[in-house]
Amino acid sequence: MKQHAKAILHSYPEILFLQGGATGVAILAVTLLNPNVGLAGVISVVAAYALARLINMDKEFLASGFYTYNPLLVGLSVGYLFRLAPLTVFFAIAAGMLAFVVTAFLAHVLRTYLVLPVLSLPFVVVSSLVYLASLRYSNLLVAAPGSTRLLASDWNLPVWLSGFFLSFGAILFAPSVLVGAIFSLIVFRASRILFMLAIVGYYAGACMRWLMLGSGTQAFADPYSFNFILIAMAVGGVFLVPSLGSYLVALVAVGTATIVLDAAVVFLSYCGLPVFTLPFNLISLGFI
């Protein structure tokens, strides 16, 4: 049982390019500040892990959380949209298992033919399918409970600072200043380089959008700016050797992502779909 719990907990830090069971416990605890979102994530990742064990996937492959962090993200997205109920639990289980299958498939294809990581592309695919399918499932279309006053507060911070924390929290479907501050501290404790890249990526992308949108408030307060944070961390400090050159490449990647982000927002709005991490995946995979 302890081994299974560790494997599941390792899914959480993978989302922020981190490792470690203690980090996983901390992130899990923070997601549970909104029980509707946190519990849906747990349900989906447990379902995905159970399917992996059922088909006898090697324990070494499961121990890292590589195959289960996408199901976790899908579960969090289900909890963010729907109120937890028996039907929602079933939906989260099915979505988590589907995300695991799509992860295994895309990881094999990308690794074999393009020598690329899978990142959170399965999450984008499956969550988009979940959102589209839910339009026909009227019994599920009940708004999730709102955030508590503690999570909803902006703590009277200026928008350029509160926006950074909101974006950090939005990575795990918890767009909250408090949650984002906790996540940023977790990253800071684990890696000063990734923390620095997160700051540079967010402000580079937000400032560029400020120039193009003509509104600093709109640019800094947009939770989708978490894509800039993830791009800078992935390109500048994870998949390229950290150096001045990789940092410059990360800045260029963030700059190009602003176009992809706003284009995706406009296009996907016609389908009623969120952007999710589509800009992060497209730009990061392209630059890698």
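User: Let's start with helices. At what angle do α6 and α8 pack, and how far apart are their axes?

Analyst: Keep in mind that this is a predicted model. Helix α6 (residues 69–81) and helix α8 (residues 121–134) pack at an angle of about 30°, and their axes are 9 Å apart.

User: Why do α6 and α8 count as roughly parallel?

Analyst: The general idea is that angles under 35 degrees count as roughly parallel. The angle here is about 30°, so α6 and α8 are roughly parallel to each other. The crossing of α6 past α8 is right-handed.

User: Which residues make the contact?

Analyst: From α6 you have N70, L73, V74, S77, V78, Y80 and L81, and they meet L121, P122, F123, V126, S127, V130, Y131 and S134 of α8. Sorted by class, the contact has eleven nonpolar residues, four polar and no charged ones.

User: Now single residues. Is S225 buried or exposed?

Analyst: Buried means under 20% relative accessible area. S225 has 0%, so it is buried. You'll find S225 in the loop between α13 (216–220) and α14 (226–238). Leaving out residues up to four places away in sequence, S225 touches S167, Y202, R209 and A219.

User: And where does I288 sit?

Analyst: I288 is in the segment after α16 (278–287). Its relative accessibility is 31%, so I288 counts as partly exposed.

Technical notes: Residues are numbered from 1 along each chain as its sequence is written. This is a predicted model: local features need pLDDT of at least 70, side-chain atom pairs count only at pLDDT 80 or more; totals for chains, interfaces and linings use all residues. Side-chain values use heavy atoms; hydrogens and water are left out. Helices (H or I, at least four residues) and strands (E, at least two) are DSSP runs, numbered from the N terminus. Buried means under 20% relative accessible area, exposed over 50%, partly exposed in between (1.4 Å probe, protein chains only). Contact means heavy atoms within 4.5 Å. Axes are lines fitted to C-alpha atoms, for helices over the stretch in contact, and angles run from 0 to 180 degrees between N-to-C directions. Angles under 35 degrees count as roughly parallel, over 145 as roughly antiparallel, 65 to 115 as roughly perpendicular and the rest as oblique. A crossing is left-handed if the near helix is turned anticlockwise from the far one by less than a right angle, and right-handed if clockwise. Ala, Val, Leu, Ile, Met, Phe, Trp, Tyr, Cys and Pro count as nonpolar, Asp, Glu, Lys and Arg as charged, and the others, Gly among them, as polar.
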